[in-house]
Amino acid sequence: MVIYWFIGAFFLAEAIKEGIFVYSKRRLPGLQLLFGLGELLLFLLFSIIGVWGWRNSCIFPAAFLLWNLAGAWYALVRKRRKKAGIGRAVLRLLVLAFCLLPVVLFPPMKPLD
C-alpha cells in the first residue's frame, strides 16, 4: 500500500535530517525550515490527489509536521542556532514514531459491498 511507502520515506527523511544536524553539530534554521516545508507539501499533495483517503489517523503525522514547521520558523525568526545532540534527535524520532503509530495500527479498510 502507498501509505506504508510514505510512512517509511517520511521516517527515513526525518532520520536523515536529524543525522545532518547531529553531524554538523548545530541546527540550521533555514535548512530545517526547508525540510519541514517540503515534508508538509508532500503530505498535503498526497492527501489532495487521493493517494490515500484522509482518515483520522492522519491527524497525528500532520500535527507533527506543523509542530516541526512552527519550531523551524520560530528558530529562524529568533535567529537561534541550537546545538544538535543525539538525545534531541532520538527524542524527535520517537515522537514521530508515536505519531505514525495510529496510521500503522488502523490501516485503511475497503467497505464491504
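I searched the whole structure for salt bridges (a side-chain nitrogen of Lys or Arg within 4 Å of a carboxyl oxygen of Asp or Glu) and found two. The model is predicted, so I note that local features need pLDDT of at least 70 and side-chain atom pairs pLDDT 80 or more, while totals for chains, interfaces and linings use all residues. Residues are numbered from 1 along each chain as its sequence is written, and side-chain values use heavy atoms, with hydrogens and water left out.

I looked up the salt bridge between Lys-17 and Glu-14, which has an N to O distance of 3.4 Å. The two residues lie three apart in helix α1 (residues 2-24), hence about one helical turn from each other. Helices are DSSP runs of H or I with at least four residues, numbered from the N terminus. Both Lys-17 and Glu-14 are buried, that is, under 20% relative accessible area with a 1.4 Å probe and protein chains only, exposed being over 50%.

I then examined Arg-92 and Glu-18, whose closest N and O atoms are 2.8 Å apart in a salt bridge. This pair links distant parts of the chain, with Arg-92 in helix α4 (residues 86-105) and Glu-18 in helix α1, 74 residues apart. Arg-92 and Glu-18 are both buried.

I turned next to helix α2. The buried residues of α2 are Pro-29, Gln-32, Leu-33, Gly-36, Glu-39, Leu-40, Phe-43 and Ser-47. Seen down the axis of α2, they fall within an arc of 135 degrees (taken from the directions from the helix axis to the C-beta atoms), so they line one face of the helix. On the face turned away from that buried side I recorded the exposed residues Leu-34, Leu-41 and Ile-48.
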